[in-house]
Amino acid sequence: MKLKGKIAVVTGASSGMGRAISVLFAKEGASVFAIARRKEKLDDLVNESKNLEGSIVAFQGDVTQKDSMENILDEVFDKSGRIDILVNNAGIMDDMMPAGEVSDELWNKVIDVNLNSPLYLCRKTINLMMDKGTCNIINVASVGGLYGSRAGPAYTASKFGLIGLTKNIGFMYANKGIRCNAICPGGVETEIGVGMKNPSQFGMEKAMSGAGYNPRSGSSEEIANIALFLASDDSSFVNGTTIVADSGWTAY
């Protein structure tokens with residue numbers, strides 16, 4: 001088992017990549033503290049974990065509520081004495097709204113979930129673990145954070161920012177035993193697009209114009225395997241960088 005005895009916190013854990021990461025980490029022996037908004041989904045996740053080598057404990061919460069998230073991290077730290085792994089997975093799309101159409105409300109919401117909340121969680125975890133000499137942060141970004149038009153500007157800017165945050169933390173805290181890396185998935189079959197109620201037709205047309213070059217969509221489990229690599233000692237020399245997982249889509 002690659003994560004036996006490790007303490008992990010995973011956001012956006014009720015479905016998709018976050019769920020797959022939580023289950024795989026628990027299979028590998030970690031004690032996983034899973035954060036998400038949907039209680040029913042979290043209850044199912046906990047029930048699924050009962051026969052695994054590790055465990056999953058659920059926390060219902062909204063990652064944009066900074067005080068609540070910091071309280072959860074304090075509780076995990078008080079119970080376990082450390083936080084070995086933080087996975088910032090929670091994220092939302094932006095209805096493919098181009099700059100000429102995006103509202104202040106949508107812009108602020110996407111930035112708050114996709115960029116502000118990872119900063120708050122990273123900051124709190126770093127401060128809790130600074131004296132422990134070891135911590136591993138994994139941010140789930142996107143190929144949309146590497147290229148200009150895989151979505152609207154809000155999502156694009158948030159993921160570019162998240163990658164910048166990842167690189168900055170990785171370098172600045174390397175000598176403190178804190179690693180920080182990002183996964184940049186391409187098209188993955190998750191629920192992230194379900195919340196798009198009225199996408200911009202212009203923005204959708206532009207953002208999807210290169211979709212025909214995508215060899216295939218990925219699965220949440222494939223992304224979870226990359227997260228496991230980054231969370232384990234197998235990646236001990238990997239820091240401040242991104243791993244693209246897109247079946248070669250962006251290699252064209």
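Tutor: Buried means under 20% relative accessible area, exposed over 50%, and partly exposed in between, with a 1.4 Å probe and protein chains only. In this structure F33 is buried, and F59 is buried too. This is a predicted model, in which local features need pLDDT of at least 70, side-chain atom pairs count only at pLDDT 80 or more, and totals for chains, interfaces and linings use all residues. Residues are numbered from 1 along each chain as its sequence is written, and side-chain values use heavy atoms, with hydrogens and water left out.

Student: How many aromatic pairs does a search of the whole structure find?

Tutor: Rings of Phe, Tyr and Trp (its six-membered ring) pair if their centres lie within 6.5 Å, and planes under 30 degrees apart count as stacked, over 60 as edge-to-face and the rest as tilted. Here the search of the whole structure finds 2 aromatic pairs. In one, the ring centres of F33 and F59 are 6.1 Å apart with planes at 35 degrees, so this pair is tilted.

Student: Is the pair of Y213 and Y252 stacked or tilted?

Tutor: The ring centres of Y213 and Y252 are 4.7 Å apart and their planes stand at 15 degrees, so this pair is stacked. Y213 is partly exposed, with a relative accessible area of 49%, whereas Y252 counts as exposed at 74% relative accessibility.

Student: Which residue lies over the face of W249?

Tutor: A charge sits over a ring if NZ of Lys or CZ of Arg is within 6 Å of the ring centre and within 35 degrees of the ring normal. R150 lies over the face of W249, at 4.6 Å from the ring centre, and K66 lies over the face of Y120, at 5.9 Å from the ring centre.
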